[in-house]
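These are my notebook entries on a structure that I looked through one topic at a time. Each entry records what I looked up and what I found.

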Protein chains: 2
Amino acid sequence: MAGVSDKTVSRVVNGEPNISVKTRTRVEDAIKALNYIPNQAARMVRNRRSGLIGLITDVVTTTPYSVEIIRGIQDRVSDARQNLLIANTSGAAEQEQKVWRTFQEHRIDGVLLATMYHHEIAFDPAERSLPTVLANCTARGHPDVTAFVPDDYQGGATAARHAIDCGHTKIGFLTLNPSILAAKLRRQAFEDVMSAHGVPIRADWIRPAYLGDVGHETICAYDVARALLDVPTGERPTALLAGDDEIAMQCIFAALSLGLRVPEDIAIIGFDDFRVISATVVPPLTTVALPYYEIGFRAADRLLAMLAGQAVATGVERLRCPLIKRDSC
Amino acid sequence: MAGVSDKTVSRVVNGEPNISVKTRTRVEDAIKALNYIPNQAARMVRNRRSGLIGLITDVVTTTPYSVEIIRGIQDRVSDARQNLLIANTSGAAEQEQKVWRTFQEHRIDGVLLATMYHHEIAFDPAERSLPTVLANCTARGHPDVTAFVPDDYQGGATAARHAIDCGHTKIGFLTLNPSILAAKLRRQAFEDVMSAHGVPIRADWIRPAYLGDVGHETICAYDVARALLDVPTGERPTALLAGDDEIAMQCIFAALSLGLRVPEDIAIIGFDDFRVISATVVPPLTTVALPYYEIGFRAADRLLAMLAGQAVATGVERLRCPLIKRDSC
DNA sequence: TTGAAAGCGCTAACAG
DNA sequence: CTGTTAGCGCTTTCAA
């Protein structure tokens, strides 16, 4: 319609130089008139790049907690004119095989692997030929695999330090399921900070707030907190650290049910900064934020750099968990 | 490597008939040995179908509330050997244009458009050439566009009826931002049911629990609930319906802060069944569930049927919001 | 049951 | 500045 060769159209579409203004406008007019849209698939056949980033999640897409990871990824990826092909495995290994296969069929440029919990996964880089970056997880036995995770140790330490800075010396800790890596790291940090400050650790004030296996647990923070708090004033902790914001919320309910005021009688510090809870609860939670958005953004950024052929660092990078100060401590 | 033509390989890969067993196994062996994976892009160039479903969300991917919609979609789509290309617009019209364009470039088979709030969107089917199904929204001025939404009217009626069935006659309602469609429908249902049962409606007990515009609101349910409840016993509502579970949660805090017991002194009914809150709060919330998973699943199912060329119903389909009975009413 | 030829829509390499 | 040729990896058509 523009009276030029297909190659010339290609040049216009791709903004290549050395086209006369007259030809360019003629082609552009034709494109508009014909409502022409280039076929990505055909491009992919010729070029090496598919322009597709694969995102594999265990249950992250479908769980309210870590959607922020995806938001970070999307923000970074769409800046780079790449598109996201998302698949989730529901944690099933067999499903994961299928997903990798699908990604290879689509000649995905690289993959981002994100998990809901911060934990170690079985991932062997030798088995997967695609450039991969992990988000919120690390590869067991392969510390060289690029990964971005929250610095749970620092986060736990920050929470403990804040409680101590607020003058507390009687501090309890309602933990996540102890088999979760994050729980271990935070607890270790808690104990280290307490010791470093010469604050006594009461083993019976450190209690799991979930019952059952990972993925099938039920929360029991309310009962645990009541048991801890339903004692004479002098024998009570004056501050409670929580493994997540749900636990913290149940701690508030427990305190209220006992006629205790938060934070005057009992201070509470959450973890995660899951805002639907942390900002809505009364009083709003002082909590340690998980840098989920940043994890997603940085992971995507690193993958893009790898794809661009830049020399980049490998290995695990731990991102700071900042204290969000609100009213509960 | 198998000593056959490319076409024969194609036949084996696609499971076409009329291949001798001997040839087939030779080809299969070669495929395995070479670790050959067919190139989807090249297939797409020849075939008409891309095998890709596009999912456009406003902020649904990135918001904790409605991830269930995505879970429903994914479950249905992966059953059908299709893949999901996800893009979100953050609500920006300009961004939405880009997304549609990208989808056309990828020769997407069809698109699913999901929103975070149940509301009407500007969507003109004439402008979009791709088969489209809406999830959690309807197209303003185009009632014929296929859409799946929660039946907010029925949900509101269910909540009101439950309160009345529990013997309450003094019922307050803390609403969402009144400009939201869901808020209007539920309030209408509330008033209709109250009237039908001869229960008096107190206009001053119907109060918005959010301040500010949609998307930028701040919750003020705690203060509103305290104002409603901080009066002599006889003048107080005995039940409060909430526009969502966050509001219900703040109502519980308000009640507790006034020394009131839930549900004995004041019953509370939530909306959404956002489990992180509804099941974790103490007491657990009696609430009306939004059928988000079902909305996603059904929307994907319908789109797939359309793509398969089946004759399917069009128009808006409203899905039941069931009452989830827990302990708060 | 198998293969050859042609072509899907695009772009790299080269020529003019 | 523009066009030609060739070919990406696959499948359709038709012939063998």
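**Entry 1: the two copies**

I superposed chain A on chain B, and a rotation of 179° with 0.1 Å of shift along its axis does this, with an RMSD of 0.4 Å. The copies were fitted by least squares on the C-alpha atoms of residues with pLDDT of at least 70 in both. That is the relation of a two-fold axis.

I note that this is a predicted model, in which local features need pLDDT of at least 70 and side-chain atom pairs count only at pLDDT 80 or more, while totals for chains, interfaces and linings use all residues. Residues are numbered from 1 along each chain as its sequence is written, and chains are lettered from A and ligands numbered from 1 in the order in which they are written.

**Entry 2: where chain A meets chain B**

How many residues does each chain bring to the contact? I found 39 residues from chain A and 38 residues from chain B; two residues are in contact if their C-beta atoms, placed from the backbone, lie within 7 Å. Of the interface residues of chain A, 97% are also interface residues in chain B, so the copies meet through the same surface.

I then asked which element of chain A gives the most to the side that touches chain B. Strand 2 of chain A does, with six residues. Helices (H or I, at least four residues) and strands (E, at least two) are DSSP runs, numbered from the N terminus. Other elements of chain A that supply at least two residues to this side include helix 4 (67–79) and helix 5 (93–105).

By class, the side of chain A that touches chain B has 21 nonpolar, 14 polar and four charged residues. Here Ala, Val, Leu, Ile, Met, Phe, Trp, Tyr, Cys and Pro count as nonpolar, Asp, Glu, Lys and Arg as charged, and the others, Gly among them, as polar.

Strand 2 of chain A also runs antiparallel to strand 2 (residues 83–88) of chain B, joined by three bridges. Two strands pair if DSSP finds at least two bridges between them. In this pairing I located Leu84(A) opposite Ile86(B).

The surface near DNA strand D has seven nonpolar, nine polar and six charged residues.

**Entry 3: domains of chain A**

I recorded domain 1 (6–38), domain 2 (47–150 + 292–320) and domain 3 (152–289) in chain A; the bounds come from an automatic or database domain assignment. The centres of domain 2 and domain 3 of chain A, taken over C-alpha atoms, are 32 Å apart. Seven residues of domain 2 of chain A are in contact with seven residues of domain 3 of chain A. Strand 3 (residues 110–121) gives the most to the domain 2 side of this contact, with four residues.

**Entry 4: a sheet in chain B**

I traced an open sheet of six strands in chain B, with the order 7-6-10-11-12-14 and mixed pairing. Strand 7 (206–208) and strand 14 (323–324) stand at the edges, each with a single partner strand, so one side of each is left without a neighbour in the sheet.

Strand 6 (residues 171–175) and strand 7 of chain B pair in the parallel sense over three bridges. Within this pair, Leu174(B) has Arg207(B) as bridge partner.

**Entry 5: cis peptide bonds**

I found a cis peptide bond between Val282(A) and Pro283(A), with omega about 0°. Pro283(A) lies in the loop between helix 10 and strand 12 (286–289) of chain A. In chain B, a cis peptide bond joins Val282(B) and Pro283(B), with omega about -5°.
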